[in-house]
Amino acid sequence: MSLTVSGNISPHSRRNVTNMLLSHSWKRAGNYYRRNSAKLVFRRPLDVRTPDPIISFTFDDFPRAALLTAGRILQDYGAAGTYYVALGLLGGDSPSGPICVKDDLINLLQQGHELGCHTFAHCHSWNTPSDKFEASVLKNKSVLEELIPGAEFRSISYPISEPRPLTKRNIAQHFSCCRAGGQTFNAGTADLNQLSSFFLEQSRGRIQTVKDLIDRNREELGWLIFATHDVESNPSPYGCTPEFFEQVVQYAAESGARILPVAKALDTIRGVSADVIRQTHRQAETSENRRLPVSN
Ligand SMILES: [Zn+2]
């Protein structure tokens, strides 16, 4: 937005416009701070080194259409996704359509998908005080254990916004990894406490933008995490159509990427890193042995 204060306007109007500009600048500065303040602190580095690129598909809020439509498409490609559920919304309605019911949770696990945490009450990740946010995370975990004994959340996605720095620090201990936004992929040294993801609804109808991202993820052997909400013929502003979603899955598969749910992707990356470390140790020992003098 660009505004110029000029012409014959009254001091009162001039003051109003100036106030509006200042308020707009503060808002933008506030948004920037919110988006970026947690990124540099309380990091848990992950070395993303894999022979093949990895792509994960995730769904926030877990509207039923995400499983019934997108889940089936993923299965058609031999893949599975991660569904971030706020159990306080179970069986209710939402801006992205009807939320899942208990049977959907059971079916999802039977089909090989993963469940993830999205707090119990769908707490705003920035506006909610850190202690309340953590209490909601713990409640979501305990309600899941009651609903499906033995089931667990290994990852969380932050609702609505990037987390406060203190929230990021407190929540890290409860999960193997935490997914945020950022509209990019993870490569080189990623942050397990604030993994980047790309929301598909922000590129609806612009498949080339998504394809370019998949190409870059392939070139950099990265971990690209897609996110969205409902997938249906008439999607909400927070979802996309089955046709668009399938185009993305198809291109992802053709890129040679392994399509894995979030926790499995993390296990795979850690397994490869452990192999690399073991191999490096073995090579170091072998060259050390070669240097040792032969004793009689
Ligand atoms: Zn959400």
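1. Buried residues make up 41% of the 296 residues in the protein. Buried here means 20 or more other C-beta atoms within 10 Å of the residue's own; exposed means 12 or fewer, and partly exposed lies in between, with C-beta atoms placed from the backbone. The model is predicted: local features need pLDDT of at least 70, side-chain atom pairs count only at pLDDT 80 or more, and totals for chains, interfaces and linings use all residues. Residues are numbered from 1 along each chain as its sequence is written.

2. The protein has 8 helices and 10 strands. These are DSSP runs numbered from the N terminus: helices are H or I with at least four residues, strands are E with at least two. Take the contacts between residues at least 6 apart in sequence: 70% of them join residues at least 24 apart. Two residues are in contact if their C-beta atoms, placed from the backbone, lie within 7 Å.

3. Next, the core. The largest nonpolar core holds 69 residues. Such a core is a set of buried Ala, Val, Leu, Ile, Met, Phe, Trp, Tyr and Cys residues joined through C-beta atoms within 7 Å. Y83, C178, W223, L224 and F226 touch the most other members. Leaving out residues up to four places away in sequence, F226 touches I55, S56, F57, T58, S197, F198, L200 and V248. In soluble globular proteins, nonpolar side chains tend to be buried together.

4. Helix α7 covers residues 242–254, 13 residues in total. From first C-alpha to last, α7 reaches 18 Å, close to the 18 Å expected at 1.5 Å a residue. That expected span is 1.5 Å times one less than the number of residues.

5. Which residues of α7 are buried? They are F244, F245, V248, V249 and A252. They sit on the same side of α7, because they cover an arc of only 135° around the axis. The arc is that of the directions from the helix axis to the C-beta atoms. The face turned away from the buried side of α7 carries the exposed residues E243 and E254.

6. What do the buried residues of α7 pack against? Their partners are β2 (54–60), α2 (64–76), α6 (207–219), β9 (223–228) and β10 (258–259). Just after α7, G256 takes a positive phi of about 85°.

7. Two residues other than glycine deserve a look. Most residues other than glycine have a negative phi. T119 has a positive phi, near 65°. T119 is in the loop between β4 (114–117) and α4 (130–147). T119 counts as buried, with 29 C-beta neighbours inside 10 Å. I160 also has a positive phi, of about 70°. I160 lies in the loop between β5 (155–157) and α5 (165–172). With 14 other C-beta atoms within 10 Å, I160 is partly exposed.

8. Helices α4 and α5 cross at roughly 30°, and their axes come within 9 Å. Axes are lines fitted to C-alpha atoms, for helices over the stretch in contact; angles run from 0 to 180 degrees between N-to-C directions. At this crossing, S130, F133, E134 and V137 in α4 meet L166, T167, N170 and I171 in α5.

9. P98 is in the loop between β3 (82–85) and α3 (102–110). P98 is partly exposed, with 15 other C-beta atoms within 10 Å. P98 and D230 are 132 residues apart in sequence, yet 9.2 Å apart in space, C-alpha to C-alpha. Not counting residues up to four places away in sequence, P98 touches P63, R64 and D93.
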